[in-house]
Amino acid sequence: MEDAIVKSGDVDDVKARIMEVERLRAWIKSNIQCSKDEQDSVTSKIVETVSSWCDLSKINKKTLAKLTSLSDGVWMDDFCSQVNQLFDEKRILRELHDILIAPLLSSLQGASELLIVPHKDLFFVPWAALMDQQQTYLVQSFTLRVAPSLRTARMKTRASMSSAGPKKLCIVGDPYPNSVGPLPHALEEARELQARCEDKARFERVVLVTGEEAKKHAVMEALRGSQWVHLACHGKLEKNSLVVSSSDEQEEDLSMEEVQSANLGLAVGSSVVLSACNTGRGSIKGEGVIGIARGFLAAGASATLVSLWSIEDSSTRQLMDRLYTNLEEGRTLAEALRLAMLSVANLDLEAVQGSDRGLLTSRRKEERSARSWAGFVVVGGSTKFPDSSMPGPV
């Protein structure tokens with residue numbers, strides 16, 4: 001089985017070993033005879049070149065074993081070159097587009113928004129970043145949403161149309177202490193959102209819970225009855241949980257089971273924005289991904305915004321700032337995310353009509369890697385900020 005292709009969980013294991021710097025150094029030290037300077041150098045190179053989200057990539061075990069046993073002076077450049085090729089971001093995005101989108105393009109003429117109902121592992125595809133042969137990202141042509149089923153999308157969108165009553169905004173920012181550590185920029189992100197919304201009539205009540213105060217019971221109480229929720233905190237992929245403040249590691253996980261069983265009474269048409277890493281991931285079941293996004297949908301939210309991988313903190317903060325600016329202008333959550341992505345990616349929109357879809361075209365200027373912006377996705381119905389005109393049915 002030496003030539004067997006590594007798939008799925010094995011790829012995740014390889015990525016975890018490669019991307020975590022200290023574990024990577026230990027792995028190199030135990031597998032390759034080289035100096036400490038060489039170890040540090042290859043660590044830096046690999047961290048720079050490996051995409052952390054290429055789940056559908058393939059790695060040949062024999063090739064990997066051969067590369068890691070090369071002699072000094074040769075192995076490092078070859079190893080880095082091969083790793084870079086295996087995780088060639090744009091090649092993978094083009095291949096995914098050719099397989100998943102290109103065969104459908106003739107049926108998408110005139111469409112401006114795509115509702116995608118993925119099957120199993122396709123929930124982990126960064127749909128916004130799929131790229132055609134002209135190197136145009138899918139998000140440049142379409143507003144995108146993902147849903148576990150068409151029925152769920154319709155039901156959640158109709159719920160958002162009927163929302164009424166007092167509007168409450170819940171913001172949770174950088175719960176700490178915990179075993180994971182503080183989340184850079186999360187506290188500033190939370191306070192900026194509070195300042196943005198507190199002096200306006202959009203919400204009747206704004207609740208901000210941060211730092212040591214963001215213990216489990218306080219977060220749960222802040223969530224109760226909310227119309228809009230913004231969670232700037234760590235997430236734990238393996239436990240499908242959010243990390244709250246606690247000096248006891250056993251008490252720092254807010255699980256989706258707890259969220260669903262607490263009868264939080266999230267307002268009809270509510271939205272949950274999870275400015276945390278890996279919140280769009282989870283266990284693959286027949287009906288899709290069972291994780292944090294599905295947990296909040298099951299608890300009553302009409303839509304969630306989640307991430308598929310770890311995104312650099314400054315990029316997340318920039319994207320969230322653009323997102324809320326777009327929401328204040330009356331965009332739906334999915335439309336606001338699309339425009340925020342284009343802004344962070346340095347894909348500026350020109351005010352001209354493009355192609356036969358009647359969409360805005362875009363032009364590139366020092367385009368940024370999709371890893372810095374394409375990890376977020378809207379799951380569920382079509383929702384807007386409160387006091388905006390509500391969208392029509394799916």
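**Entry 1: confidence**

I began with the pLDDT. The average over the protein is 76, and 65% of the residues score at least 70. The one at residues 49-65 has a pLDDT below 50 and makes 61 contacts in the model beyond near neighbours in sequence. For residues 67-75 the pLDDT is also below 50, and this stretch has 19 contacts beyond near neighbours in sequence. Where pLDDT is low, the predicted coordinates should not be read in detail. I therefore take no detail from such coordinates.

I went next to β5 (168-175). How many of the residues of β5 are buried? I find 8 of 8 buried, so the strand is mostly covered by the cut-off of under 20% relative accessible area. I followed its pairing in two directions. With β6 (205-211), β5 pairs in the parallel sense over 7 bridges. With β7 (228-232), β5 also runs parallel, and 5 bridges join the two.

I then checked β7 itself. This strand is mostly covered, with 5 of its 5 residues buried. Trp228, His230 and Ala232 point one way from β7, while Val229 and Leu231 point the other way. Residues on both sides of β7 are buried. I traced β7 onward to β11 (residues 271-274), with which it pairs in the parallel sense over 4 bridges. Within that pairing, Trp228 has Ser271 of β11 as its bridge partner.

**Entry 2: helix α8**

I checked the length of α8 (residues 186-198) against expectation. Its 13 residues should span 18 Å at 1.5 Å a residue, and the end C-alpha atoms lie 18 Å apart, so the two values agree.

Which residues of α8 are buried? I list Ala186, Glu189, Ala190, Leu193, Gln194, Arg196 and Cys197. Viewed down the helix axis, the buried residues fall within an arc of 165°, and therefore they line one face of α8. I then looked for what that face meets. The buried residues of α8 pack against β5, β6 and β7, and also against α12 (313-328). Three of these packing partners are the strands of the previous entry: β5 pairs with β6 and with β7.

**Entry 3: a separate antiparallel sheet**

I recorded an open sheet of 3 strands, in the order β8-β9-β10, with antiparallel pairing. Its edge strands are β8 (235-236) and β10 (253-255), each pairing on one side only. Between β8 and β9 (residues 241-243) I find 2 bridges in the antiparallel sense. Gly235 stands opposite Leu242 of β9.

**Entry 4: Ser372**

Where does Ser372 sit? I place it in the loop between β16 (359-364) and β17 (376-380). Is Ser372 buried or exposed? Its relative accessible area is 14%, which means it is buried, as the cut-off is under 20%.

I looked at its surroundings last. A polar atom of the Ser372 side chain lies 2.8 Å from the backbone oxygen of Ser369. Leaving aside neighbours within four places in sequence, Ser372 is in contact with Ile311, Ser315 and Val344.

How values were computed
Residues are numbered from 1 along each chain as its sequence is written. This is a predicted model: local features need pLDDT of at least 70, side-chain atom pairs count only at pLDDT 80 or more; totals for chains, interfaces and linings use all residues. Side-chain values use heavy atoms; hydrogens and water are left out. Two strands pair if DSSP finds at least two bridges between them. pLDDT is the predictor's confidence in each residue, from 0 to 100. Contact means heavy atoms within 4.5 Å. The expected span of a helix is 1.5 Å times one less than its number of residues. Buried means under 20% relative accessible area, exposed over 50%, partly exposed in between (1.4 Å probe, protein chains only). The arc is that of the directions from the helix axis to the C-beta atoms. A polar contact is a pair of N or O atoms within 3.5 Å; within protein, one must be able to donate a hydrogen and the other to accept it, and residues adjacent in sequence count only if both atoms are side-chain atoms.
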